[in-house]
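Here are my notes on the model you sent. Please read them with the structure open.

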Amino acid sequence: MRKTGPARIVRPRDLSEAVRLVAEGGRPLAGGTDLFVRLRREVEDPPFLVYLGELPELQGIELREDGAVVGAAVTHAKLLRSEVAERLPILRLALSTIGAPAIREMGTLAGNVANASPAGDGLIPLYLLEARVLLAGPQGERELPVEEFVLGPGKTALKEGEIIRSLFLPFPEGEPRSYFRKVGRRRALLIAVASLGGLVWLQDGVVEQARLALGSVAPTVLRPREVEQELVGKPLDPQVLAPLAEKLSQLVQPITDLRASASYRREVAGKLLLDLAVSLAG
Amino acid sequence: MSINFRLNGREVEVDVPPGRRLLNLLREDLGLTGTKEGCGEGECGACTVLVDGRPRLACLTAAIQVEGKEVLTVEGLSAGGKLHPMQEALIKAAGVQCGFCTPGFVMAAYALLSENPHPTRQEVREFLSGNLCRCTGYEGIVEAVLLAAKYLRGDPSRVTPDGKTP
């Protein structure tokens with residue numbers, strides 16, 4: 001895979017062998033849609049890769065009363081075809097914008113989590129649903145909320161030898177409306193300039209509860225809790241929400257990069273809230 | 001390492017490092033140069049092949065990831081020397097100019113038509129959104145997929161379940 005020659009890849013027989021190999025310094029490989037690009041660009045050069053993509057323990061989607069357990073090797077496409085995507089419209093909206101069909105057949109949602117990109121489209125629904133990340137490591141298993149798992153761009157709470165085993169996606173109470181939009185120069189194969197996802201519970205035309213998650217405007221996906229709180233009791237009217245959109249623009253901490261300037265990202269973050277209001281009001 | 005998989009309907013066994021790119025394995029080790037390398041980073045779709053019936057990018061796939069699987073490349077569609085209806089449609093609708101992206105488009109379109117025999121224009125555009133073409137402006141390609149869908153619906157006997165023209 002590298003310019004210098006193929007990467008060394010080992011295929012563990014089971015989860016415990018996988019954990020042992022990762023503890024020895026192996027880099028976990030699932031879909032490869034990001035990792036192989038990084039190896040090719042020589043951004044990193046791990047001694048060997050541990051192919052987790054077909055480990056039986058990491059497959060499968062289990063529907064429970066209170067949510068869905070998604071194995072770490074489950075691809076975006078498989079999730080989109082599953083009943084979970086029907087139960088969780090926010091997941092469907094976000095995952096269907098990832099890359100393009102072939103990328104969605106390869107990449108995994110847990111891989112999106114492990115990459116910890118502030119632009120990770122798959123992270124937005126996980127932040128909104130307050131998903132939990134189940135880890136397996138040499139010391140056994142532990143579970144973290146996704147917000148505590150992701151620490152910064154490319155940084156996670158994974159300890160040596162730990163791998164993501166599964167994700168737990170709680171089903172939200174009631175019937176929230178779902179919103180997801182990412183802004184960029186084209187629709188496919190796009191890394192967002194800014195994105196906003198929302199779950200909004202409405203009662204008689206006013207917001208009863210709201211969860212928002214922004215991508216690409218801070219070192220991690222951002223839950224603007226102050227703005228969420230202030231939405232409560234307000235109608236989804238862009239005029240009423242204009243001051244809140246302004247507040248959201250001030251709250252984000254974007255950077256300038258080759259895709260957009262920080263000030264443009266600020267502007268877009270606020271406008272996305274108004275777009276959410278218009279889209280969900282109908 | 002010895003890797004076994006099915007390629008265009010035939011069992012193959014190759015002795016390659018498990019991290020060898022499927023793209024190199026196909027093109028260099030097995031001589032199937034229909035699959036093209038465009039960007040090598042998953043941005044252009046020129047290396048699209050089908051693995052167990054689903055589209056995948058051969059540039060971001062390691063040999064070990066197709067172990068025990070069924071790989072279909074553009075060569076597998078015209079086995080027996082007869083073009084697949086998708087390929088005929090591309091000629092008919094003038095969906096080919098320089099041709100470099102064409103095998104990737106053929107495979108992506110084939111994947112779409114296998115799961116959705118009645119795609120709308122919008123569905124075609126969305127499904128092919130990961131494939132770049134710098135010549136045609138896409139109109140001819142989209143027309144060709146819609147035409148191929150008609151060919152395939154009109155005469156099912158032309159295509160066997162594994163996609164080969166008899």
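How many residues does the contact take from chain A, and how many from chain B?

1. The contact takes 25 residues from chain A and 23 residues from chain B. Please keep in mind that this is a predicted model. Residues count as being in contact here if their C-beta atoms, placed from the backbone, lie within 7 Å.

2. On the side of chain A that touches chain B, helix H2 (35-40), S3 and helix H6 (101-106) of chain A each supply at least two residues. H6(A) gives the most, with five residues.

3. By class, the side of chain A that touches chain B is made up of 16 nonpolar, four polar and five charged residues.

4. Chain A also holds an open sheet of three strands, in the order S1-S3-S2 and with parallel pairing. Strand S1 (9-10) and strand S2 (27-29) of chain A are at the edges; each has a single partner strand, so one side of each has no neighbour in the sheet.

5. Three bridges join S2(A) to strand S3 (residues 49-51) of chain A, and the two pair in the parallel sense. Within this pairing, Arg27(A) stands opposite Leu49(A) in S3(A). S3 of chain A is also one of the elements that supply at least two residues to the side touching chain B.

6. The division of chain A gives domain 1 (9-51), domain 2 (59-170) and domain 3 (177-281). Between domain 1 of chain A and domain 3 of chain A, the C-alpha centres lie 35 Å apart.

Methods. Residues are numbered from 1 along each chain as its sequence is written. Chains are lettered from A and ligands numbered from 1 in the order in which they are written. This is a predicted model: local features need pLDDT of at least 70, side-chain atom pairs count only at pLDDT 80 or more; totals for chains, interfaces and linings use all residues. Two strands pair if DSSP finds at least two bridges between them. Helices (H or I, at least four residues) and strands (E, at least two) are DSSP runs, numbered from the N terminus. Domain bounds come from an automatic or database domain assignment. Two residues are in contact if their C-beta atoms, placed from the backbone, lie within 7 Å. Ala, Val, Leu, Ile, Met, Phe, Trp, Tyr, Cys and Pro count as nonpolar, Asp, Glu, Lys and Arg as charged, and the others, Gly among them, as polar.
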